[in-house]
Every structure is written in C-alpha cells, then in structure tokens.
Amino acid sequence: MALIPCAACGHTISTEAPSCPSCGHPGATMSKGGREGMARIAGTVAGSYISAQMLASIIVGSVAIVSFAAIMIAVILKG
Ligand SMILES: [Zn+2]
C-alpha cells in the first residue's frame, strides 16, 4: 500500500482506493491496475461519449419527425 497524489485534485490517496475520497476521481488504481484500469477508464469515457452522441441523435431525430409531421399536417390542411 502506497500513497499517491490524486491526478485530479492532488489529494493524497491510497493506491488501494478505488477512487479519490476527496473528489471521486477514479484514476487512483491506475498505477496498480495498469492496463485494466486504463481500459476501464477508456470504457467509461467511450460510454459517456456514445451516450451523448445517441442522446443528440435522438433529439435531432425527434425534431426531424416533429418538423416532418408539422409539414404533413400543413399540406393535408391546405389540400
Ligand atoms: Zn481527487
């Protein structure tokens, strides 16, 4: 067990800690976990990025559908 400074806030934390008790930064196990820790962090980042992209797609899709429906209703009411 060793103490290392948190990469995010500089708070001294144990390498055994799964996350920084001060700020919650999950990188504390990186020096111990090595590749596994990196993969976990990369997965978390990729997951949140994909979620944001999907959320944006859903919002854009909803706006497109509502716009299309509004145009169709306008065409139907005119005709
Ligand atoms: Zn921290």
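## Overall layout

Residues are numbered from 1 along each chain as its sequence is written.

## Confidence

The predictor's confidence in each residue, from 0 to 100, is called pLDDT. Its mean over the chain is 83, and 86% of the residues reach 70 or more. Where pLDDT is low, the predicted coordinates should not be read in detail.

## Burial and contacts

A residue is buried if 20 or more other C-beta atoms lie within 10 Å of its own, exposed if 12 or fewer, and partly exposed in between; C-beta atoms are placed from the backbone. Of the 79 residues of the chain, 4% are buried.

Two residues are in contact if their C-beta atoms, placed from the backbone, lie within 7 Å. Among contacts between residues at least 6 apart in sequence, 2% join residues at least 24 apart.

## Two residues

H25 sits in the loop between β2 and α1. H25 has 16 other C-beta atoms within 10 Å, so H25 is partly exposed. Leaving out residues up to four places away in sequence, H25 touches C6, A7, A8, C9, S19 and C20. C6 is 19 residues from H25 along the chain, with 7.5 Å between their C-alpha atoms.

I41 belongs to helix α2 (residues 35–78). I41 is partly exposed because 16 other C-beta atoms lie within 10 Å. The C-alpha atoms of I41 and P26 are 7.7 Å apart, and 15 residues separate the two along the chain.

Notes. This is a predicted model: local features need pLDDT of at least 70, side-chain atom pairs count only at pLDDT 80 or more; totals for chains, interfaces and linings use all residues. Helices (H or I, at least four residues) and strands (E, at least two) are DSSP runs, numbered from the N terminus.
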